[in-house]
Amino acid sequence: MMKYKDIFIDLDNTLYDTKALAAGTAIDGAYELLDFLRECGCRLHICSNGSLRGRMEKLKSLHLDSAFDSVICSELAGADKPDKVFFEYAIDKSGAKPET
């Protein structure tokens, strides 16, 4: 059983390699990792600097637009990572408990 129920994932360089020659493709193992975390009962959240529209376009290009419980972006948070305001917004928006 996983200790943590809410997993916050940065889109760039975690699921999507911004420096790859084949930009627009997921990093090897990304889909399997997400499947594993779902099977463990985790809720998945994207946390990313940038606009919601840009994040959703990137997720759609990766066929991951419905893979996450929430997409949290700096545009809506009013602050970029690593600002504390961003993460407070992420906790509130996702409904996560800080200890999980």
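Arginine 55 is buried, with a relative accessible area of 11%, where buried stands for under 20% relative accessible area, exposed for over 50% and partly exposed for what lies in between, computed with a 1.4 Å probe and protein chains only. The model is a predicted one, in which local features need pLDDT of at least 70 and side-chain atom pairs count only at pLDDT 80 or more, while totals for chains, interfaces and linings use all residues. Residues are numbered from 1 along each chain as its sequence is written, and side-chain values use heavy atoms, with hydrogens and water left out.

Arginine 55 belongs to helix H2; helices (H or I, at least four residues) and strands (E, at least two) are DSSP runs, numbered from the N terminus. Once its neighbours within four places in sequence are left aside, arginine 55 is in contact with Leu11, Asp12, Ser48, Asn49, Val71 and Cys73, contact being defined as heavy atoms within 4.5 Å.

The protein as a whole has four helices and three strands, and along the sequence they follow the pattern β-α-β-α-β-α-α. The three strands form an open sheet in the order E1-E2-E3, with parallel pairing, and two strands are taken to pair if DSSP finds at least two bridges between them. E1 and E3 are the edge strands, each of which pairs on one side only. On average, neighbouring strands of this sheet are turned by 25° against each other, direction ignored; for this and the other angles, axes are lines fitted to C-alpha atoms, for helices over the stretch in contact, and angles run from 0 to 180 degrees between N-to-C directions.

Four bridges join E1 to E2, and within this pairing aspartate 6 stands opposite arginine 43 in E2, while isoleucine 7 stands opposite leucine 44 in E2. How far is E2 enclosed by the rest of the structure? E2 is largely enclosed, because five of its six residues are buried. As a general point, side chains in a regular strand alternate between the two faces of the sheet.

The helices can now be placed against this sheet. H2 lies across E2 and E3, running at about 135° to E3, whereas H4 packs on the sheet, touching E1, E2 and E3, with a direction that makes about 160° with that of E3. In helix H1 (residues 30-39), the buried residues are Ala30, Leu34 and Leu37. These three cover an arc of only 65° around the axis, which puts them on the same side of H1; the arc is that of the directions from the helix axis to the C-beta atoms. What covers them includes strand E1 (6-9) and strand E2 (43-48), while the face of H1 turned away from its buried side carries the exposed residues Glu32 and Glu39. After H1 comes glycine 41, whose phi is positive, near 85°.

The structure holds one aromatic pair. The ring centres of phenylalanine 86 and phenylalanine 87 are 5.2 Å apart and their planes stand at 80°, so the pair is edge-to-face; rings of Phe, Tyr and Trp (its six-membered ring) pair if their centres lie within 6.5 Å, with planes under 30 degrees apart counted as stacked, over 60 as edge-to-face and the rest as tilted. Phenylalanine 86 is buried, at a relative accessible area of 0%, whereas phenylalanine 87, at 38% relative accessibility, counts as partly exposed.

Two loops contain backbone details to inspect. Histidine 63, in the loop between helix H2 (52-61) and strand E3 (70-73), has a phi near 60°, a positive value in a residue other than glycine, and at 68% relative accessibility histidine 63 counts as exposed. A cis peptide bond, with omega about 10°, joins lysine 81 and proline 82, and proline 82 lies in the loop between helix H3 (74-77) and helix H4 (84-94).

Finally, some totals describe the whole chain. Of the 100 residues of the protein, 34% count as buried, and among contacts between residues at least 6 apart in sequence, 63% join residues at least 24 apart. The protein exposes about 6,100 Å², of which carbon and sulfur atoms supply 54%; accessible areas come from the Shrake-Rupley method with a 1.4 Å probe, and for residues only the protein chains shown count as cover.
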